[in-house]
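Visitor: I have a structure open and would like a quick tour. Shall we go feature by feature?

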Amino acid sequence: MKKRFILAITFGILTVNCSAYAQSSQAEPAPTQNIHMMMVADSNPDTAKAVKTSNITISNFTFAPVKISVPVRTKVAWINKDDTPHRVMVIETKTKSAALDSGASFSTTFDQPGTYHYFCTMHPIMKGTIVVTAAK
Amino acid sequence: MDLEVSRRKVMECMAWGPGVVWALVAGIPTAFSMDTLDGRSGAAATVSSFSFAQISDSHIGFDKAANPNSSGTFRDGLAILKNSVAKPSFLIHTGDITHLSKAEQFDTAAQMVQESGFETHYVPGEHDMVDENNGKLYMDRYGKGTKGAGWYSFNDQGVHFIGLVNVVDLKAGGMGNLGQAQLDWLKNDLSVLSASTPIVVFAHIPLWTVYKQWGWGTQDSGEALSYLKRFGSVTVLNGHIHQVLQKVEGNVSFHTARATGFAQPAPGTAPAPGPMVVAAGQLKDYLGVTTVSVTPNQPRLLINDATLA
């Protein structure tokens, strides 16, 4: 029993590592190792999403809020409300969105605690910060 | 004092343009090639009188309130140039050909340019490099014979033209970016030219800082401009800001062109740059094309901006 528990934990870490920075365009694995997330996760593993979504609005060439703090495993979504495209890139993970036309959005999930910096590759004057905190 | 250097300096100050200096030799006016005099080879040939045109920021595919028909206004811009009295020898498109780097947007632009009959030289804008392969569609079309991300130079009728790319590998918090590889190439490209060779540099984002708060400038342009200081005639043509602004600094004339795609606000007059909706019926007052005339012995090229109105 004890051995099975250790194996399960190990698998959990591997899962987290492998799925780190999964983008919304890919099917994200259900967070099976995290009990409190399971409670609110989509019951269908094929469409399961991270527990919580935090939105960042792009408007007037500005990210708002420009700095957010979110718990680990939060899905962060950028929504472009400008009349011109923007393209988000997270520097630390090299995660890059497509060019987001007006009304388009992009999301990615942060599975590792830390401070992440992102900017618009088309208009690099636009930048923001995401602080991902460890689960309590 | 080094007599040779001194003479070269004097000659460079005396004459611009055709690569020819007239001097009295035994009482007879005689033409000397500047290229011969300053010992550099590979310089441009004698300058002709001719004109070329700049068209910019067509943003094919843009259909928002600021201009629901960007294809139509691009066609209008090309028609103005085609029907002008002094028909330009060729066109320079200073980027943002498309709005979203889509194949069909490149196709539409290429078809319209082909219909106009103009030979056209391109540099990309940031909107042309956002396909999923980070600029492959642009490079497949316009990258042949270029270096790096699409920079190149060519000579035409005695003028040396340089197309620079300052829209790739942009750094967080920064503005336009040329990068060390392109700067090294530029330095080498210029090194063989006589100081009397007229230079036209074109790139999408302005090579001078128009408005840092909106990223309207190129962070390492100072280095590029330092290579151009010894030349008697330098003209820098940019787009990106969708409005006419000019500045003269020493022998360098900076000029930005209107777009054919949509208007943008003047620096600092709006919360942000981006498409600006103008009063009904006035859009064509804000859009336009540019003609540049080259005249031998005139270091300042004549730049004429025409609206689509």
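Visitor: In what order do the 4 strands of the open sheet in chain A stand?
Guide: Bear in mind that this is a predicted model. The sheet is open and its pairing is mixed. From one strand to the next, the twist averages 25°. The order is 2-1-4-7.

Visitor: How many bridges join strand 1 of chain A to strand 4 of chain A?
Guide: Strand 1 covers residues 52-59 and strand 4 covers residues 74-80. The two run parallel. In this pair, A:Ser54 stands opposite A:Val76. The number of bridges is 7.

Visitor: Chain A also has an open sheet of 5 strands; what is the strand order there?
Guide: Pairing in this sheet is mixed. Strand 3 (67-71) and strand 6 (95-96) of chain A each have a single partner strand, so they stand at the edges with one side left without a neighbour. The order reads 3-9-8-5-6.

Visitor: Which residue is the bridge partner of A:Val90?
Guide: Strand 5 of chain A spans residues 88-90, and strand 8 of chain A spans residues 114-120. They pair in the antiparallel sense over 3 bridges. The partner lies in strand 8 of chain A and is A:Tyr118.

Visitor: How do the elements of chain A run from the N terminus on?
Guide: Chain A has 2 helices and 9 strands. From the N terminus on, the run is α-α-β-β-β-β-β-β-β-β-β.

Visitor: What share of the residues of chain B count as buried?
Guide: Chain B has 8 helices and 13 strands. In chain A, with 136 residues, 32% count as buried. For the 309 residues of chain B, the share is 47%.

Visitor: In chain B, what share of the contacts with a separation of 6 or more comes from residues 24 or more positions apart?
Guide: Take chain A for reference: among its contacts between residues at least 6 apart, 48% join residues at least 24 apart. For chain B the share is 70%.

Visitor: Are helix 6 and helix 7 of chain B roughly parallel or roughly antiparallel to each other?
Guide: Helix 6 covers residues 180-191 and helix 7 covers residues 221-228. Their axes come within 10 Å and cross at roughly 10°. Angles under 35 degrees count as roughly parallel. Helix 6 and helix 7 of chain B are therefore roughly parallel.

Visitor: Which residues of helix 7 of chain B does helix 6 of chain B meet?
Guide: Helix 6 of chain B contributes B:Leu183, B:Leu186, B:Lys187 and B:Leu190. By class, the residues of this contact divide into 5 nonpolar, no polar and 2 charged. On helix 7 of chain B they meet B:Glu223, B:Ala224 and B:Tyr227.

Visitor: How many residues does the contact between the chains take from chain A?
Guide: Chain B gives 20 residues. On that side, 11 are nonpolar, 5 polar and 4 charged. Chain A gives 21.

Visitor: Over which residues of chain B is the pLDDT below 50?
Guide: The mean pLDDT of chain B is 88, and 85% of its residues reach 70 or more. Where pLDDT is low, predicted coordinates should not be read in detail. The stretch below 50 has 81 contacts beyond near neighbours in sequence, and it is residues 1-44.

Visitor: What ipTM does the predictor give the complex?
Guide: The pTM is 0.81. The ipTM is 0.84.

Technical notes
Residues are numbered from 1 along each chain as its sequence is written. Chains are lettered from A and ligands numbered from 1 in the order in which they are written. This is a predicted model: local features need pLDDT of at least 70, side-chain atom pairs count only at pLDDT 80 or more; totals for chains, interfaces and linings use all residues. Two strands pair if DSSP finds at least two bridges between them. Two residues are in contact if their C-beta atoms, placed from the backbone, lie within 7 Å. Ala, Val, Leu, Ile, Met, Phe, Trp, Tyr, Cys and Pro count as nonpolar, Asp, Glu, Lys and Arg as charged, and the others, Gly among them, as polar. Axes are lines fitted to C-alpha atoms, for helices over the stretch in contact, and angles run from 0 to 180 degrees between N-to-C directions. A residue is buried if 20 or more other C-beta atoms lie within 10 Å of its own, exposed if 12 or fewer, and partly exposed in between; C-beta atoms are placed from the backbone. Angles under 35 degrees count as roughly parallel, over 145 as roughly antiparallel, 65 to 115 as roughly perpendicular and the rest as oblique. pLDDT is the predictor's confidence in each residue, from 0 to 100.
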